[in-house]
Amino acid sequence: MSISDAFIAGGFGMYPTLIAGVALFVTSVQYARRPESRYVPLLISLGLFTLFAGGLGFVSGVITMLRFYAEMQGEPKPVILYYGFQESLHNIALALLLTTASALAASVGAWRLARQARAAVTATVPVR
């Protein structure tokens, strides 16, 4: 399955997850380039939004799948449920992928900020 197939299979919930995740990633890269504490609340809120959007996409996909499964004529096959869950999980996978990549970029920013703070403390401590 290609990435575009997975995106289409995930349904409508993939769009807000992608938008929030890309915004999170861009902010994380900006924080990695120029670590300033003003980015931290935005990083946290976009990270939560990305995860919540992925979770909501999963839940809405499962609800839709169960509704159609209950309305099926004849003897419904359990394999349909497996495919439905698999498609719904694409939302969670996208959210986790984007938040993981963003956390990695934000970690670089946090590391750089810690180095700057240590250098500032070292510069102000008198040497005996």
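**Note on helix packing and ring pairs**

1. In this predicted model, H90 touches M1, A6, A9, G10 and M14, when residues up to four places away in sequence are not counted. H90 itself lies in helix 4, and with a relative accessible area of 13% it is classed as buried.

2. Helix 1 covers residues 3-10 and helix 2 covers residues 14-33, and the two pack with their axes 8 Å apart at an angle of about 120°. Helix 1 and helix 2 are therefore described as oblique to each other. Where they meet, A6, F7 and G10 come from helix 1, while M14, Y15 and L18 come from helix 2. Sorted by class, the residues of this contact between helix 1 and helix 2 are 5 nonpolar and 1 polar, with no charged residue.

3. Which residues do ring pairs link into a cluster? They are F7, F12 and Y15. A search of the whole structure finds 3 aromatic pairs. One of them joins F7 and Y15 in an edge-to-face arrangement, with 5.0 Å from centre to centre and 85° between the planes. Another, between F12 and Y15, is tilted, with 6.2 Å from centre to centre and 45° between the planes.

4. F7 is buried, with a relative accessible area of 17%, whereas Y15 is partly exposed at 47%. F12, for its part, is exposed, because its relative accessible area is 68% and the cut-off for that class is over 50%.

5. Turning to another pair of helices, helix 3 (residues 40-71) and helix 4 (residues 78-124) have axes that come within 9 Å and cross at roughly 175°. That angle makes helix 3 roughly antiparallel to helix 4. The contact of helix 3 with helix 4 has 17 nonpolar residues and 10 polar residues, but no charged ones.

6. If its neighbours within four places in sequence are left aside, L24 is in contact with L43, L46, G47, T50, L98, T99 and S102. The C-alpha atoms of L24 and A101 are separated by 9.4 Å, although these two residues are 77 residues apart along the chain.

7. L104 has its place in helix 4, and at 61% relative accessibility it counts as exposed. L104 and F25 are 79 residues apart in sequence, yet their C-alpha atoms are 9.5 Å apart in space.

8. Finally, two arginines can be checked against aromatic rings. R38 lies over the face of Y39, at 4.7 Å from the ring centre. In a second case, the charged end of R67 sits over the ring of F68, at 4.9 Å from the centre of that ring.

Conventions:
Residues are numbered from 1 along each chain as its sequence is written. This is a predicted model: local features need pLDDT of at least 70, side-chain atom pairs count only at pLDDT 80 or more; totals for chains, interfaces and linings use all residues. Side-chain values use heavy atoms; hydrogens and water are left out. Rings of Phe, Tyr and Trp (its six-membered ring) pair if their centres lie within 6.5 Å; planes under 30 degrees apart count as stacked, over 60 as edge-to-face and the rest as tilted. Buried means under 20% relative accessible area, exposed over 50%, partly exposed in between (1.4 Å probe, protein chains only). A charge sits over a ring if NZ of Lys or CZ of Arg is within 6 Å of the ring centre and within 35 degrees of the ring normal. Axes are lines fitted to C-alpha atoms, for helices over the stretch in contact, and angles run from 0 to 180 degrees between N-to-C directions. Helices (H or I, at least four residues) and strands (E, at least two) are DSSP runs, numbered from the N terminus. Angles under 35 degrees count as roughly parallel, over 145 as roughly antiparallel, 65 to 115 as roughly perpendicular and the rest as oblique. Ala, Val, Leu, Ile, Met, Phe, Trp, Tyr, Cys and Pro count as nonpolar, Asp, Glu, Lys and Arg as charged, and the others, Gly among them, as polar. Contact means heavy atoms within 4.5 Å.
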